[in-house]
Amino acid sequence: MLFDEIVLRDMTLKNRIVMAPMCMYSAGGDAAATDWHRMHYAARAIGGAGLIVQEATAVSGEGRISSRDLGIYEDAHVAGLKSIVGAVHGMGAKIGIQLAHAGRKCEADVPKIYAPSAIAFDEKSREPVSADAAYIEKTVADFRAAAARALEAGYDIVQIHAAHGYLVNEFLSPVTNRRTDSYGGAPENRVRILGEIIDAVRSVWPESKPLSVRVTAEDYEPDGNHPEDIAAMLNLVKDRGMDCVNVSSGGVTPTAPKAFPGYQIPYAEIIRRETGLPVCAGGLVTEAAMAEEAVSHGRCDAVYLGRELLRNPFFPLLASVELGADIPWPAQYERAKPRR
Ligand SMILES: Cc1cc2nc3c(=O)[nH]c(=O)nc-3n(C[C@H](O)[C@H](O)[C@H](O)COP(=O)(O)O)c2cc1C
């Protein structure tokens, strides 16, 4: 059930409602956290989410999507991130960080942008440089250093951003990866960089803490990845220390899906069945009953909510009343709890 606990390694979530990572484009020019981040994430913790996944946080300057993204590529970033973690823990939720590299979708003010192959996202986008072996090695090392800083900041889980057409996803998809070296071509080559990143992160991220990967399960392109392709690639790297998969879709090309409530849940069901890993599913979920149905029928192990939690930080508390789950409300708000 939605309000049952879930355990991943030594992390216990009090319920299965996960706040999806959402860029706030509110970092200072130095990519450091601001008051906005502390207030914004703490509010969703007060509202009852079991896990908050902090927005895409860049592992390098050129890994930012914009010049207002959060970064975790300098030791100076740790203090601000630690203050977000402290605020969320203080309000009773667990917090993860999404470690990200924007790849060819970087619009930050940097001299060069990188991708597996030198193909621009669209006619308005900058042309990326095809990453050479040295750049791949540097990026893997950047993910390792970022994970070490995430540990220092106190996060409960790290999520590797391998979705939405950013760098790792650009390697996974045959649409964006036209390489002929050991990082391109067959699925075992396209997934190589993800395996190397998992190894690098795991070399500093403790055994006791879980590691998640967010994927685009469907490219919405005939020659692109479909859920079965992604499941097969995850199966090649899952034993290297991956604990769960967050299933999303799209973003590899400008093609937009026909979205409707729960449209990505069937992709999560396929990934769950074919990898045997716990999955977190979502996409246009705005109703408690839909979230409960997905978990209780074994379609997924947890549900993520994005925009609904922006509109309403208290969605989890209100969902618990609607679903008849007897969870404690913050003592300060106890008098506001609707009586059934
Ligand atoms: C403002 C905003 C920012 C987002 N930023 C990220 C991000 O940093 N990382 C990511 O993986 N997805 C990002 N997404 C996608 C969300 O995590 C989520 O998958 C998407 O909004 C669909 O869920 P929803 O319909 O519940 O909002 C963003 C979405 C929104 C609306």
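Modeller: A residue counts as buried if 20 or more other C-beta atoms lie within 10 Å of its own C-beta atom, with C-beta atoms placed from the backbone. The model is a predicted one.

Begin with helix H6, residues 192-202, where eight of the eleven residues are buried. They are Arg192, Ile193, Leu194, Glu196, Ile197, Ile198, Ala200 and Val201. These buried residues pack against helix H3 (133-153), strand S9 (157-162), helix H4 (167-172) and helix H5 (187-190), and also against S10 and H7.

H7, one of those partners, comes next. Its buried residues are Pro227, Ile230, Ala231, Met233, Leu234 and Val237. Because they cover an arc of only 165 degrees around the axis, they lie on the same side of H7. An α-helix has 3.6 residues a turn, so residues three or four places apart point the same way. The cover over the buried residues of H7 includes H4, H5, H6, S10, S11 and H8.

S11, which is part of that cover, is the strand to look at now. Strand S11 spans residues 244-248, and five of its five residues are buried. In a regular strand the side chains alternate between the two faces of the sheet. On one side of S11 are Cys244, Asn246 and Ser248, on the other Val245 and Val247, and all of them are buried, which leaves both faces covered.

S11 also has strands paired with it. Strand S10, residues 211-216, runs parallel to S11 and is joined to it by five bridges. In one of the pairings, Val213 has Val245 of S11 as its bridge partner. Strand S12, residues 279-282, pairs with S11 over two bridges, again in the parallel sense. Here the bridge partner of Val245 is Val279 in S12. From S11 the chain passes through helix H8 (residues 265-275) to S12, in a right-handed β-α-β crossover. S10, helix H7 (residues 227-237) and S11 likewise make a right-handed β-α-β unit.

To put the pieces together: the buried residues of H6 pack against H7, among other elements, the buried residues of H7 have S11 as part of their cover, and S11 is bridged to S10 and to S12.

How values were computed
Residues are numbered from 1 along each chain as its sequence is written. This is a predicted model: local features need pLDDT of at least 70, side-chain atom pairs count only at pLDDT 80 or more; totals for chains, interfaces and linings use all residues. A residue is buried if 20 or more other C-beta atoms lie within 10 Å of its own, exposed if 12 or fewer, and partly exposed in between; C-beta atoms are placed from the backbone. Helices (H or I, at least four residues) and strands (E, at least two) are DSSP runs, numbered from the N terminus. Two strands pair if DSSP finds at least two bridges between them. A crossover is right-handed if, with the strands pointing away from the viewer, the path from the first strand over the helix to the second runs clockwise. Two residues are in contact if their C-beta atoms, placed from the backbone, lie within 7 Å. The arc is that of the directions from the helix axis to the C-beta atoms.
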